[in-house]
Amino acid sequence: MKARYNIAPTQPIAAVRANENSGNRELAIFSWGLVPFWAKEPSIAHQLLNARSETAAVKPAFRGPMRHHRCLIPADGFYEWKAIGGQKQPYYIRRPDHEPFYFAGLFDHWGSPDGSEIESATILTTAANDFMTPIHKRMPVIIPESQYDRWLDPKVQQPAKLADLLRPAPEDFFIRKPVTPLVNSVRNDMPECIMPTVEPPSPPNQLGFGF
DNA sequence: CCAGACGTTGTT
DNA sequence: GTCTGG
DNA sequence: CCAGACGTTGTT
DNA sequence: GTCTGG
C-alpha cells in the first residue's frame, strides 16, 4: 500500500469501526465526505467533510451516525491553512514523535437506485486549543487510546455519554511546520508535501491605513 | 399540510 | 461569486 | 481543504 | 429519514 501525503475529499481513507454483528474492531475503507443513507446525490459529500462536535448529535446528517456509526480514522498528520492577508500558508501538523493518532469519525452507508454503494465518513471538529489558534479556529477531535473502546462501543448511544471526548487535544500533543504550497493541489501527493519550509514572515501588525 | 434542506470553514 | 471535482 | 470551471451545438 | 419553513 502506497503512502499518502495529500488525501483529498472524496478519496479513500482507512478507518476502524465495530463490526455490526460481532462488535469486534474491523478495518473499513471510506470515502472522505459523508453521504447520508437518505441522500439523493453523493455530491452532498463535499458539504459534509467535517461535523461540528458541538452540534453533531442533533443535525439530521450526523444524528444517526453519532449514535450508531462512530469510527476512528488514523493519521500521522494533517494540514491546516493559515490565512495571512489574502494568502494561505499551509502547515503540516503532527505528533512530536511522528506517532499516529486517531480522529473521531462518523460513517454511513449509501445505496443508489442503480445498485452502486458508497461507504463514507466525516471527521468531527472542535474549537482550536491555544496551540492551534494562531493557525485556525477549529481542529479535528482526537480520541486518546484509553477511549478507543468507548468511542467505538455500539451500546453507547446517548450523546451525553460521549461529550467528554469531544474536546481539543492537549496543548503539547502536536507540533506544526510550515510547508510548500505544493500541498494546495490534490495532484501533488508526494513526500515534499510534508517537508518543512522556512517560517513565513509574520503578518504586518500595523493598522490604520484606512482602506 | 407539503417542499426543501440536510454542512463547515472562513471572510466581510 | 459560486459550484464542482479531486 | 484548494483549484479550476463557469457553455452550447453538433459530431464522433 | 427527519426537521424546518412557509
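Ile-135 is found in the loop between strand S8 (117-127) and strand S9 (138-140), where strands are DSSP runs of E with at least two residues, numbered from the N terminus. The model is predicted, so local features need pLDDT of at least 70 and side-chain atom pairs count only at pLDDT 80 or more, while totals for chains, interfaces and linings use all residues. Residues are numbered from 1 along each chain as its sequence is written, chains are lettered from A and ligands numbered from 1 in the order in which they are written, and side-chain values use heavy atoms, with hydrogens and water left out.

Me: Why is Ile-135 called buried?
Reply: Buried means under 20% relative accessible area, with exposed over 50% and partly exposed in between, for a 1.4 Å probe and protein chains only. Ile-135 has 6% relative accessibility, and therefore counts as buried.

Me: Which residues is Ile-135 in contact with, leaving aside its neighbours within four places in sequence?
Reply: With contact taken as heavy atoms within 4.5 Å, Ile-135 is in contact with Glu-80, Trp-81, Lys-82, Tyr-91 and Arg-176.

Me: What makes Phe-101 and Phe-103 an edge-to-face pair?
Reply: Rings of Phe, Tyr and Trp (its six-membered ring) pair if their centres lie within 6.5 Å, and planes under 30 degrees apart count as stacked, over 60 as edge-to-face and the rest as tilted. By this rule the count comes to 11 aromatic pairs. The rings of Phe-101 and Phe-103 have centres 5.5 Å apart and planes at 80 degrees, so the pair is edge-to-face. The rings of Phe-173 and Phe-174, with centres 4.8 Å apart and planes at 85 degrees, are edge-to-face as well.

Me: Why does Phe-173 count as buried?
Reply: Phe-173 has 15% relative accessibility, and so counts as buried; Phe-174 is buried too, with a relative accessible area of 4%.

Me: How do you know that Arg-95 lies over the face of Phe-173?
Reply: A charge sits over a ring if NZ of Lys or CZ of Arg is within 6 Å of the ring centre and within 35 degrees of the ring normal. Arg-95 lies over the face of Phe-173 at 3.7 Å from the ring centre.

Me: Which residues surround DNA strand C?
Reply: A residue is near a strand if one of its heavy atoms lies within 4 Å of it, and DNA strand C is surrounded by Ala-8, Pro-9, Thr-10, Gln-11, His-46 and Val-186. Among them, His-46 has a polar side-chain atom 3.0 Å from a base oxygen of DNA strand C.

Definitions and conventions: Polar contact = N/O pair within 3.5 Å; in protein donor to acceptor, adjacent residues only side chain to side chain. Helix = DSSP H or I, 4+ residues; strand = E, 2+ residues; numbered from the N terminus.
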